[in-house]
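Trainee: Could you walk me through this structure? I would like to go from single residues up to whole chains.

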Amino acid sequence: MRVTHGMLVDTLLKNLSGNLARMERVYQQITSARRISRPSDYPVGTATVLRLGSAAQEIEQYLANVEQARTWLDLTDQALTTIGQSLQRVRELVVQAANDTLSADDRQAIWAELTALQEQIATTGNYAHAGQYLFAGSTTQTEPFDLSTDPPTYRGNNDQLLRLIDRGVTVDINVPGSVAIVPVLQAVKQARDAVASNDPNAIRATLATIDAAQTQLLAAQASVGARVNRLDAQRDRLLDAHTSTLRLLSEAGDTDMAEAVTRFSKEELTYRAALQAGARAIQPTLLDFLR
Amino acid sequence: MVFRALETAFRGLMAQQRAVDTTNHNIANANTPGFARQRVALVPSAPYTVPAFNRSGLAGQIGTGVLVASITRIRESVFDQQYRVQSQALGESSTLVDAYAQIEAVFNEPTASGLGALLDRFWRAWQAVSNQPEDLAARAALVQDATTLAANLNRMRTQLQQLQSDAAVKLTLQVSEVNGIAQRVAALNQQIVAALATGQTPNDLLDQRDLLLDKLASFTGATIRTLPNGAVNIYLGGYPLVDQEQSFPLTVQVAGGTASIAWQGTNSPVALERGSLQALLDIHNSTLPGLVGKLEAIRDALANEVNALHTTGYGLTDPAGPPPARPFFVINPDGSLEVEPTIVADPQLVAAADAAAEPGNNAIARAIAELRSKLVLNGNTATINDFYNTLVAEVGGASQTAQVTRDNQQALVDAIDRQRKEIMSVSLDEEMANLIKYQQAYGAAARAITAVDEMLDRIINGMGLVGR
């Protein structure tokens with residue numbers, strides 16, 4: 001085989017540039033920590049990375065939705081608890097007022113406290129979170145309870161507020177005021193009227209209404225609790241899915257550093273050797289040895 | 001007879017001189033592309049038979065020295081043919097590699113700023129609005145994300161269209177280069193035929209023509225035929241691009257977004273088979289329009305699906321009654337996508353609710369957010385995200401295929417070129433050795449002249465002093 005200097009130089013340049021190209025690629029994988037910098041590096045991997053990245057984003061959004069829904073339900077639960085405590089106090093006062101030995105003045109004092117409790121319950125019903133009234137149905141920017149009437153009237157609607165917590169899965173996060181709070185306010189109003197009438201029998205009769213309202217309130221609280229549990233379970237599920245998605249994403253798209261650094265060292269060694277050998281191979285000609 | 005020796009030595013001097021000249025020529029062209037080393041073919045000149053009636057006392061013929069029979073190129077035309085055939089495929093795949101590198105740059109995936117990530121942000125923004133439909137900040141963020149998404153979709157579409165017109169420009173440039181090559185080959189044919197007719201071997205002209213034919217191969221699937229008179233004819237799809245001393249120029253025609261290459265004058269289309277011209281035609285006429293079409297499918301699906309829901313909804317400030325039927329996206333006459341300008345101006349108009357005056361109602365926002373998982377493309381088998389991911393994978397796959405083909409083809413061309421160079425390229429060592437060989441022969445011939453000179457001196461000045 002006839003080999004000329006031109007061919008040697010060609011081969012040297014071709015090998016060096018091939019070597020540099022491989023080195024550049026590994027370098028890019030190391031510095032970006034990503035295995036794929038262009039779709040053609042690994043077409044199927046690229047689709048996987050895009051799909052998993054998108055899935056991770058989707059899960060993160062559902063997690064954010066779950067957190068937000070949970071905050072709303074927690075606040076609802078607190079408000080209902082507060083109202084429940086007020087209603088308990090109402091019941092105590094009604095039992096006290098039903099005592100035959102009480103004077104009209106005593107009942108007047110109880111009436112005053114009941115009035116204050118009614119207002120407190122309605123005010124609690126007007127709780128807002130981040131500018132949204134918790135108990136207004138979907139008219140979240142209107143105070144649901146009108147305190148200028150007696151008893152306070154409900155101005156909201158019965159709509160559910162639905163939040164996405166997974167593909168095609170929603171949870172309703174609100175308890176419309178009409179469901180839990182209006183019966184309470186009506187019971188309190190009834191009790192106040194009975195106390196004002198100063199008739200122990202009428203007063204005793206309102207206990208049944210109060211108990212019914214309390215039952216409804218407890219039912220609402222139980223439903224809130226159930227939804228909180230559901231959200232917690234969903235959050236755990238989403239966190240698991242998120243972790244496994246991120247792991248798959250990392251497997252598909254991240255650089256295996258140990259492997260990449262090893263490969264880089266190998267390429268570097270080859271490059272140096274090629275340079276050294278090349279520099280010596282292309283140097284001498286017969287010319288150097290003639291005379 | 002002594003004078004004849006002078007003549008013989010002189011021939012030697014001349015022949016070695018020619019050999020040294022040729023060696024110098026080789027050395028000077030050691031790095032000239034397409035140059036094939038040349039060799040001086042030395043032959044003994046016609047011998048001299050001593051004329052005599054009776055020649056028995058004398059030896060037969062007397063040599064008269066050396067002659068330069070020819071100066072020939074050392075080259076193997078079989079390798080040239082193979083080189084050209086493989087160059088066609090290399091030209092084609094290299095052009096594809098370049099084009100796909102640019103296309104991949106347009107897609108800019110996988111990154112946090114690619115269309116895939118922007119689609120994700122868009123869907124998330126709708127969920128954020130559905131979480132707090134009365135929140136103006138969430139609405140403003142949605143409008144912002146939607147605007148960015150539309151702008152990127154438009155950018156990609158425009159850039160792909162730009163690549164298409166770039167391909168048309170490249171076609172024009174390459175076709176004029178092909179025309180230039182054809183013209184020069186025709187001109188060289190003329191010079192070569194004339195030189196051969198006078199018995200010369202126009203080595204350097206042949207090298208020049210071979211180099212042009214090498215170049216031409218990467219552009220086209222041309223076939224080359226050498227004629228007995230030394231001219232070469234070049235054919236494209238059966239018709240001559242070069243016929244002896246005449247060349248027939250090509251022209252590029254672009255009509256209705258389709259480019260074609262035709263013969264100038266007759267305007268009949270040229271049948272190309274391979275080479276970069278064919279690759280550019282494919283990219284211009286099918287690859288890029290196909291990709292633009294798929295982006296437009298994404299654009300249309302996005303606009304139609306979002307609008308179908310959005311037009312049934314109510315913004316925060318919309319009155320009760322029938323819905324205002326406001327679209328979210330608008331497709332402009334130029335094909336660009338944008339967010340409905342009144343919504344950009346007032347994000348309260350984002351129709352998140354399916355009823356008026358219910359700021360907490362998120363029915364429409366939720367439904368739009370759920371479009372993310374709706375199968376709306378590819379005959380209702382793919383989500384918008386799936387369709388886009390597949391598109392990116394397709395581009396990556398085509399690009400990878402082009403790269404692999406290019407690399408293989410390059411290796412093949414390199415291997416053939418190496419075989420070719422084993423035969424034709426100049427070895428400086430070899431030329432130096434030859435130079436010394438010819439130099440020594442030249443010196444010896446000169447010394448022979450000195451010897452003859454001394455012989456003559458002896459005859460003329462040292463003999464027969466009679467009469468002096």
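Trainee: Is Ala33(A) buried, partly exposed or exposed?

Mentor: Happy to start there. Buried means under 20% relative accessible area, exposed over 50%, and partly exposed in between, with a 1.4 Å probe and protein chains only. The relative accessibility of Ala33(A) is 32%, so this residue counts as partly exposed.

Trainee: Where does Ala33(A) sit, and what is its phi?

Mentor: Helices (H or I, at least four residues) and strands (E, at least two) are DSSP runs numbered from the N terminus. On that basis Ala33(A) falls in the loop between α1 (5-32) and α2 (43-97) of chain A. Ala33(A) is a residue other than glycine with a positive phi, near 65°.

Trainee: What should I know about the model itself and its labels?

Mentor: This is a predicted model, in which local features need pLDDT of at least 70 and side-chain atom pairs count only at pLDDT 80 or more, while totals for chains, interfaces and linings use all residues. Residues are numbered from 1 along each chain as its sequence is written, chains are lettered from A and ligands numbered from 1 in the order in which they are written, and side-chain values use heavy atoms, with hydrogens and water left out.

Trainee: What is the phi of Asn108(B)?

Mentor: Asn108(B) is in the loop between α2 and α3 of chain B. At 30% relative accessibility, Asn108(B) counts as partly exposed. Its phi is positive in a residue other than glycine, with a value near 50°.

Trainee: Which peptide bond involving Pro110(B) is cis?

Mentor: Pro110(B) is placed in the loop between α2 (77-107) and α3 (115-131) of chain B. Omega is near -5° for the cis bond, which runs from Glu109(B) to Pro110(B).

Trainee: Which residue is joined to Pro151(A) by a cis peptide bond?

Mentor: Pro151(A) is in the loop between β3 (145-146) and β4 (153-154) of chain A. The cis bond there has omega of about -5°, and the partner of Pro151(A) is Asp150(A).

Trainee: Which residues does Lys189(A) touch, leaving out those up to four places away in sequence?

Mentor: Lys189(A) belongs to helix α4 (residues 177-197) of chain A. Its relative accessible area is 18%, so Lys189(A) is buried. Contact means heavy atoms within 4.5 Å, and Lys189(A) touches Gln118(A), Asp150(A) and Pro151(A).

Trainee: How far apart are the C-alpha atoms of Leu90(B) and Leu412(B)?

Mentor: Leu90(B) lies in helix α2 of chain B and is buried, at a relative accessible area of 12%. Not counting residues up to four places away in sequence, Leu90(B) touches Arg406(B), Gln409(B), Gln410(B) and Val413(B). Leu90(B) and Leu412(B) are 322 residues apart along the chain, and their C-alpha atoms are separated by 9.0 Å.

Trainee: Which residues is Asn154(B) in contact with, apart from neighbours within four places in sequence?

Mentor: Helix α4 (residues 136-197) of chain B holds Asn154(B). Asn154(B) has a relative accessible area of 16%, so it is buried. With those neighbours set aside, its contacts are Ser336(B) and Leu337(B).

Trainee: Why is chain A described as more spread out than a compact globule?

Mentor: Chain A has six helices and six strands. The radius of gyration is taken over C-alpha atoms, and the globule rule is 2.2 Å times the number of residues to the power 0.38. For 291 residues the rule gives 19 Å, so chain A is more spread out than a compact globule, with a radius of gyration of 38 Å.

Trainee: What radius of gyration does chain B have?

Mentor: Chain B comes to ten helices and twelve strands. The globule rule gives 23 Å for its 468 residues, and chain B is well over that, so it is more spread out than a compact globule, at 39 Å.

Trainee: How much area do chain A and chain B bury between them?

Mentor: The interface brings 53 residues of chain A into contact with 49 residues of chain B. Buried area is the accessible area (1.4 Å probe) that two parts lose on being put together, summed over both. Carbon and sulfur atoms hold 49% of the buried area, which comes to about 4,400 Å².

Trainee: Which residues of chain A lose the most area to chain B?

Mentor: Three residues together make up 15% of what the chain A side buries. They are Arg2(A), Leu50(A) and Gln61(A).
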